[in-house]
Amino acid sequence: MWDQAALERHLAALGLTAGDHVLMRASLRRLGAVAGNRADMLIDATLRVIGPTGTLAVLAFHPVVPFPGLRRGLAPVASDDPPSSGGLAVAVAARPQARRSAHPACGWAAIGAGAQALLDGHDGDVSCFHPIAALAGMGGKLVNVGNVTDSPGFSTVHYIQDQLGLSRRNLLAGRIGLRTASGLYHLQDFPGCSQGFGRLYGAYVEAGILRAGPVGDSYAIAAAARDLMAVERPLLRADPTAPLCRDPRCMHCRGLVTYNKRDWPRFWAGWAWRKLTGRR
Ligand SMILES: [Zn+2]
């Protein structure tokens, strides 16, 4: 049974320290047995380690649907509704001191001294992962707790994809979104599948930028945003398909991104065959 002090020690061993600005993602169940609520204990342990001058941020996303489903009678989503991006995001967003950014679909939530600097300007006119630039500028870090295989890789990859124009080279960009109180919102950049982001782990290790260790029962990794992007940018520039997943049936990676048209014929033939025959 892990208590908060143990989680604090584990987070400190990952390199977290007072004044750190952190984007955290987590698979809470992988923490194992903790003496209390897993999300709250992880949040409290992190806030204790980074202290009052640090910042804890999470991805507080809302579900998006593709056109034409978008036009049907979807209930409007408010930017301060509980996010759908996991238990840690829900718990951070629910804290009274949390700030939320104004992006209708891909908002972030943050607690701490740098929350405003991180979230300012993140509205529907900018890309989903826009705050990564501020995080890197603040010397921030990314920490993945237990989601190394469940939801692999770092969110900096999505930011680099956007920077290189890849998030718009996607058949769903501009055709996917949600309903807000003021009408339909269409994502112009569609980050898409991240299941292949773990393919970059080796490059991070070779660059010597990754810290790894336990947090509770989970396997956790951490790195500085700037260091991650310095590794990712040249890799994605040389080969935009580097972070695509290996699932032959992944519609995003095999059938939607226009920088991987080589896989389209096989993917769409298989998709049509499964639709026609009802086979899986
Ligand atoms: Zn994929």
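Contact is taken here to mean heavy atoms within 4.5 Å. In this predicted model, Phe129 is in contact by that criterion with Leu59, Phe61, Trp108, Ser155, His158, Tyr159 and Pro191, once its neighbours within four places in sequence are left aside.

Phe129 also figures in the largest nonpolar core, which comprises 49 residues and in which Leu23, Trp108, Phe129, Ile132, Leu142, Leu187 and Tyr204 have the most contacts. The element that gives the most to this core is helix α8, spanning residues 225-238, with five residues. The core is drawn from both parts of the domain assignment, with at least three residues coming from each of domain 1 (4-246) and domain 2 (247-280). Apart from this core lies another, of 33 residues, which includes Met24, Ala39, Leu42 and Val215. In soluble globular proteins, nonpolar side chains tend to be buried together.

Burial was also examined for helix α3, which runs over residues 87-94 and whose buried residues are Leu88, Ala89, Ala91, Val92 and Ala93. The elements that cover these buried residues include the strands β1 (21-26), β2 (55-59), β4 (99-100) and β5 (108-112), together with helix α2 (38-50).

The domain assignment divides the chain into domain 1 (4-246) and domain 2 (247-280), and the centres of the two, taken over C-alpha atoms, are separated by 28 Å. To the contact between them, domain 1 contributes 15 residues and domain 2 contributes 13 residues. The area buried between domain 1 and domain 2 amounts to about 1,200 Å², with carbon and sulfur atoms giving 66% of it. On the side of domain 1, the residues that lose the most area to domain 2 are Arg169, Leu171 and Leu244, which together account for 41% of what that side buries.

How values were computed:
Residues are numbered from 1 along each chain as its sequence is written. This is a predicted model: local features need pLDDT of at least 70, side-chain atom pairs count only at pLDDT 80 or more; totals for chains, interfaces and linings use all residues. Side-chain values use heavy atoms; hydrogens and water are left out. A nonpolar core is a set of buried Ala, Val, Leu, Ile, Met, Phe, Trp, Tyr and Cys residues joined through side-chain atoms within 4.5 Å. Buried means under 20% relative accessible area, exposed over 50%, partly exposed in between (1.4 Å probe, protein chains only). Helices (H or I, at least four residues) and strands (E, at least two) are DSSP runs, numbered from the N terminus. Domain bounds come from an automatic or database domain assignment. Buried area is the accessible area (1.4 Å probe) that two parts lose on being put together, summed over both.
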